[in-house]
Amino acid sequence: MAKITILGCGYGTALGVLFTTFGHEVVTWTKFEQEAELLRTEREHKRLLPGVKLPESLGVTTDPKCVSGADIVLVAIPSPFFREAIQTVKPYVDKSTIMINVSKGLEAATGYRLSQIISEELPENPVGVITGPCHAEEIARLVPTTEVCASNNDGVAEYIQRTLSNEKYRIYVNDDVAGCELGGVLKNPIALGCGIARGMGLGDNTVAALMTRGMTEITRLGVGLGANWKTFTGMAGIGDLIVTCTSLHSRNFRAGNLIGKGIPAPEAVKQVGTVEGYTSSIIAYKLAQERGIDTPIIEQIVKICYEGSDPKASISALMTRKSKHEREVFWMD
C-alpha cells in the first residue's frame, strides 16, 4: 500500500475516499481551514459529494508539510490556482515522490499543460498524469471507472497502474503525456458547447455533430501541440469526451445548459463553480491561432462566452461554413 497525499479537496476528496477504501494511507490538503474543519468534523463534503461519508482514516489538513514522505502526490487543483499550490508544497516534497496531475486545464499565462508546471517547479521529481472518463460523484461512490496514466519517466505509469488499480478502478498506461493531458483539457469546451445546444432545446443530432467534429478539433490541435492522434481514440480522448458531453454530473455541460437557456456565461459559471471549459476555451483558441490550426467550434465557444455572441448565430456560423471533405491529414499517419 502507498502513502498518498492529495492536493485539493474537491475531486481530491473523491479520490481520497476511493484510495482509502482500498487500503492506502491518504491525506487530503486544502489551503482553506474552514473547508478542512468541516470535512474533519462532518466527515462529508456536503456541497460536492452529498451523502458520501468519508472514511475515518482519510486525513484532511491545511499543513503543506503533509507531502513530506509521500510515495505519490496527486494534484487535484483547478488550473488558475495550480502553480500556487505546487509552490506552496514545493519546499516539503521529497525528490523521490511521484507527482501526478489529475486536473484538466491549461495555465492562462503560459498555455502550459499542468504537468509541465509540476516539471518546471519540481524538475527533479518524476511526473505523470492520470486522466480519462470519470465523475467525482461516481468515483466517491465506487462506481467502476477506468482511466489512463502516462509519464515521461521510465516505469512511473506502470508503478501507478500496479499501485492504484483495484476492483473498482482500472488504470491503463500510455506513453503520450501530451495527448493524454490535452484530451482531458480540450474536451471541456466541446462539453460546454453540447450543454449550450441542450439548453437551446436542440436535439441528439446536434450534440452528436458537436461531439464528432469536436473530437476532430481536439485531435487537430492536440497533434499541433505534440500529441499522437491515436491517443484521442482512447480513454483520454473519446472516453472523456463522451462522459463530459452527456452528463449532468459535468460542470461544463451544466454551465453550457444555463448559457443555452439565456444566462450570460460569467453568471452561469458563477452558479456552477469551477468550469474548466470556460477558462481553457480561450487559451486553446489562442494556441490554435498561433499555430494556424482551424478550431471552429472552440472559436464559437469563445465568441459566446467572452464576446456575448448569440448561440443561435454560432450554430448558424458552424452550419454554413464552406463545405469540405471529412478526411484529416492526421488520418494518413
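Is E121 buried or exposed? In this predicted model, E121 is buried, with a relative accessible area of 10%. Buried here means under 20% relative accessible area, exposed means over 50%, and partly exposed lies in between (1.4 Å probe, protein chains only).

Residues are numbered from 1 along each chain as its sequence is written, and side-chain values use heavy atoms, with hydrogens and water left out. As the model is a prediction, local features need pLDDT of at least 70, side-chain atom pairs count only at pLDDT 80 or more, and totals for chains, interfaces and linings use all residues.

Side chains of opposite charge can pair when their charged atoms come close. A salt bridge is defined as a side-chain nitrogen of Lys or Arg within 4 Å of a carboxyl oxygen of Asp or Glu. The search of the whole structure finds 20 salt bridges.

Helices (H or I, at least four residues) and strands (E, at least two) are DSSP runs, numbered from the N terminus. K90 is partly exposed, with a relative accessible area of 35%. Both K90 and E121 belong to a network of salt bridges that also links R83, E107 and E120.

A salt bridge also joins E84 to K31, with the closest N and O atoms 3.1 Å apart. This pair again links distant parts of the chain, 53 residues apart. E84 is in helix 3 (residues 82-89), while K31 is in the loop between strand 2 (25-29) and helix 2 (33-42). E84 is partly exposed at 39% relative accessibility. K31 is partly exposed at 44%.

E328 and R213 meet through their side chains in a further salt bridge (3.9 Å, N to O). They are 115 residues apart. E328 lies in the segment after helix 14 (311-319), and R213 in helix 8 (residues 204-224). E328 is buried at 9% relative accessibility. R213 is partly exposed, at 26%.

Strand pairing was also examined. Two strands count as paired if DSSP finds at least two bridges between them. T145 has Y169 of strand 8 as its bridge partner. With helix 6 (residues 156-164), strands 7 and 8 make a right-handed β-α-β unit. Right-handed means that, with the strands pointing away from the viewer, the path from the first strand over the helix to the second runs clockwise.
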